Amino acid sequence: MKQFLLILGAVCLTVSAVSFEDDPEAELPSFMRICNRDDPELGQCLKDSIQRLLPQLHGGIPSIGFPSIDPYTQESNYFEYKNDKIFGSLHVRNGKSYGLSRAQIRDVRATADDNSLQMEVDVLFPKVVSEGKYKGEGRFNAIKVVSKGYFNVTTLDVKVTWKFVGRVAERNGEQYMMIENFDMNPEVGDMKIYATGLFPDPGLNQVALDFVNQYWPMLYKQMLPETRQTWEPIMLDLLNKMFNRVPYRRLLPKSEFE
C-alpha cells in the first residue's frame with residue numbers, strides 16, 4: 001500500500017512556494033485588526049485579527065501579498081517518501097484545496113518585542129477537500145509500481161497547532177519580521193480517500209481503496225514525519241510572503257502610550 005503514503009502526502013501540500021516584493025506603505029485592509037507588540041493581551045488580539053482575516057483570504061489580499069486560499073491551486077508539486085525498504089515519489093498537477101478559509105482559530109499564544117516574535121496558533125479545519133491529478137512511483141525492495149490518475153481526499157476535524165519563531169531583519173532601511181522556524185503536527189478526525197489508476201484492474205483498485213480507508217490512521221502516522229522536509233519550507237515561504245511585504249512597525253506597532 002505504499003502508493004497511499006504518497007496520496008496522503010498530497011494532504012500536507014495545501015500551499016506552494018510564493019515570492020514577495022518590498023512595499024513599506026502597502027495598504028492594510030480595513031477589516032484587519034492591528035495589535036500592539038507590547039499588549040499584555042497580545043494573544044487574544046491576534047486571535048481576533050487572524051479570525052477576521054481568514055474569510056477574506058477566500059479571494060486573496062493583493063495589498064499585503066496574500067494569495068487566494070479557497071480554493072488554493074497547486075499547478076505542480078512534488079513529494080518523496082523514503083524509509084529502509086520503501087521509496088515513493090508523487091507528482092501532483094492541477095491540485096486544488098477547498099475549505100481552508102473556514103478554519104476556526106481556537107487560541108493564540110504570542111510574545112513579541114522589538115527583535116523577535118514567537119507564536120502558537122491552535123486551529124480547527126472542519127472540512128478540507130483536496131483533489132488533483134497525480135503520477136506516482138513506488139518501490140519495495142525489487143517490486144516497482146507506477147500509478148497515474150485522479151485523487152480526492154476529504155479530511156474532517158483537522159486540529160493543528162502552528163508554531164513559528166521570527167526575528168527582525170533590516171532591508172532597504174526598514175525592519176521586517178523574518179519567520180525562521182515553523183512546526184506543526186496535524187491531528188485528523190476522519191479521512192476519506194478516493195483515487196483512480198492505483199492499479200490497472202478496477203476491482204483491485206477498489207480493494208486497495210477499501211484497505212486504506214480502513215487503516216488510514218496508521219498510514220498517516222507513518223507518513224507525516226517524512227513530509228516535514230516538504231511542508232516546512234512551503235509554510236515558511238507563505239508566512240514570509242506577508243511578513244516580508246509589510247514592515248514590522250506596521251504589522252505589530254509599539255503602543256502609543258509607552
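Predicted model: local features only at pLDDT ≥ 70, side-chain atom pairs only at ≥ 80, totals over all residues.

Which residue lies over the face of Tyr 176, and at what distance from the ring centre? I looked it up: Arg 171 does, 4.1 Å from the centre of the ring.

Next, the ring pairs. I get a count of 5 aromatic pairs. One of them is Phe 211 with Tyr 215, with ring centres 4.9 Å apart. The planes of Phe 211 and Tyr 215 meet at 40°, which falls between the 30 and 60 degree cut-offs, so I put the pair down as tilted.

Where do these two sit in the fold? Both Phe 211 and Tyr 215 belong to helix α3, residues 202-223. They are 4 residues apart, about one turn of the helix.

I then checked accessibility. Phe 211 has a relative accessible area of 29%, so I call it partly exposed. Tyr 215 comes out at 36% and is partly exposed too.

Trp 216 and Tyr 220 are both in helix α3, with a spacing of 4 residues, about one turn.

Are Trp 216 and Tyr 220 buried or exposed? Trp 216 has a relative accessible area of 8%, which is under 20%, so it is buried. Tyr 220 is buried as well, at 8% relative accessibility.

Methods:
Residues numbered from 1 in each chain as written. Heavy atoms only, no water. Phe/Tyr/Trp six-rings, centres within 6.5 Å; stacked < 30°, edge-to-face > 60°. Buried < 20%, exposed > 50% of the residue type's maximum accessible area, 1.4 Å probe, protein only. Lys NZ or Arg CZ within 6 Å of the ring centre and 35° of its normal.
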